[in-house]
Amino acid sequence: MTRLRFRRVGLACRPGGSPWERSHCQNPFVQRLGHERYRIHFASRDDSNRSRGGWAEVTATADGLTQTARSERPSLDIGQPGTFDDSGAMPGCLVDHEGRLLLYYTGWSLTRTVPFTFAIGIAESRDGGRHFDRLSEAPVLGRNHYDPLLAGAPWVLVEDGNFRMWYVSGLRWEVDPEGKNAPIHYYTVKHATSRDGMNWATNEHVCLPFHEGEHAIARPVVQRTDAGYEMLYCARRLGETYRVYRATSVDGIHWERDRMPLLDTSASGWDCEMVCYASLLHTAGASFLLYNGNGYGRDGVGAAILEP
């Protein structure tokens with residue numbers, strides 16, 4: 001695969017500091033507004049570490065991104081007590097389908113024997129993407145025969161009227177029987193299909209098998225290309241932190257992974273320990289990689305320009 005090179009241009013947006021967004025602008029992705037205006041959706045966290053949806057509007061130039069507005073309240077709030085998303089609601093991707101603007105998101109629940117589980121929900125916006133209302137208080141894809149532990153981080157494309165989703169599926173937890181070490185999650189990327197966007201069919205196929213030492217492959221972002229499909233994702237080995245990688249596929253099912261990171265950590269600053277959760281923003285003047293740094297996006301959304 002052709003080696004891509006990016007030049008960092010700094011943080012495009014930071015947490016707003018209000019009670020629901022004390023930290024983080026996690027899992028950024030873009031909604032086009034027209035006239036070189038874009039809305040970057042992400043998940044912020046409150047003082048209890050619970051995620052809620054938020055956004056920042058930016059304008060693009062050849063040199064960078066300038067913030068012009070941001071959400072004053074959550075675009076997607078946490079769910080009701082006892083629901084699958086009562087401990088966090090993390091936007092994943094937007095689908096504009098037949099005049100409806102749909103948001104697929106990850107809902108978080110806290111558990112006892114392991115730290116957490118999550119499932120995939122759906123919401124709809126009727127004000128152009130500023131706020132979203134759930135279409136169901138139950139997940140559209142959660143624990144099932146092929147995903148018995150968790151399912152999250154959805155990325156959805158619609159092709160010829162059919163929905164395709166790439167998502168994170170939990171394969172196993174490794175639990176210390178003496179309880180001295182935290183349980184370790186093993187999850188990677190799988191693929192599901194749907195005719196209506198609500199009812200999903202899954203199977204046992206793993207899109208991105210682990211390389212040696214890996215235990216977490218996260219946040220797939222997929223786009224169509226002339227040759228098939230391209231995926232951005234992040235991966236980490238035991239004892240290490242995330243790096244951003246790329247994979248390509250002819251059919252969206254079987255993937256060839258890059259061995260070298262698409263983006264590695266910087267020498268110092270807010271992304272010197274980790275880079276993760278990347279997506280692309282193509283503008284008239286440049287292509288930007290949006291990504292998170294240390295602490296899974298604790299300081300905000302960073303941007304890097306694709307160099308010729």
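1. Contact here means heavy atoms within 4.5 Å. On that basis, residues 24 or more positions apart account for 50% of the contacts in the protein chain with a separation of 6 or more.

2. The model is predicted: local features need pLDDT of at least 70, side-chain atom pairs count only at pLDDT 80 or more, and totals for chains, interfaces and linings use all residues. Residues are numbered from 1 along each chain as its sequence is written, and side-chain values use heavy atoms, with hydrogens and water left out.

3. The secondary structure of the protein chain comes to one helix and 19 strands; helices (H or I, at least four residues) and strands (E, at least two) are DSSP runs, numbered from the N terminus. The radius of gyration, taken over C-alpha atoms, is 18 Å, close to the 19 Å that the globule rule (2.2 Å times the number of residues to the power 0.38) gives for 308 residues, so the chain is as compact as a globular protein of that length. Along the principal axes, the C-alpha atoms fill a box of roughly 50 × 45 × 40 Å.

4. Of the 308 residues, 56% count as buried, where buried means under 20% relative accessible area, exposed over 50%, and partly exposed in between (1.4 Å probe, protein chains only). The protein chain exposes about 13,800 Å², and carbon and sulfur atoms supply 47% of this area. Accessible areas come from the Shrake-Rupley method with a 1.4 Å probe; for residues, only the protein chains shown count as cover.

5. An open sheet is formed by four strands in the order β6-β7-β8-β9, with antiparallel pairing; two strands pair if DSSP finds at least two bridges between them. β6 (89–97) and β9 (133–134) stand at the edges with a single partner strand each, so one side of each is left without a neighbour in the sheet. Strand β8 (residues 116–125) is joined to β9 by two bridges, and Glu124 has Asp133 in β9 as its bridge partner.

6. Strands β11 (residues 162–174) and β12 pair in the antiparallel sense over eleven bridges. Trp166 has His191 in β12 as its bridge partner. Strand β12 (residues 184–194) is mostly covered, with nine of its eleven residues buried.

7. Rings of Phe, Tyr and Trp (its six-membered ring) pair if their centres lie within 6.5 Å; planes under 30 degrees apart count as stacked, over 60 as edge-to-face and the rest as tilted. By this rule the count comes to 16 aromatic pairs. In one of them, the rings of Phe116 and Phe118 have centres 5.8 Å apart and planes at 10 degrees, so the pair is stacked. Phe116 is buried at a relative accessible area of 15%, and Phe118 is buried at 6%.

8. A charge sits over a ring if NZ of Lys or CZ of Arg is within 6 Å of the ring centre and within 35 degrees of the ring normal. Arg39 lies over the face of Trp55, at 4.8 Å from the ring centre. The charged end of Arg236 sits over the ring of Tyr242, 4.5 Å from its centre.

9. Asp86, in the loop between β5 (65–70) and β6, is partly exposed, with a relative accessible area of 23%. Residues that Asp86 touches include Ile78, Pro81 and Trp108, not counting residues up to four places away in sequence. The C-alpha atoms of Asp86 and Trp108 are separated by 6.7 Å. Glu240, in the loop between β14 (228–237) and β15 (243–249), is partly exposed at 45% relative accessible area.
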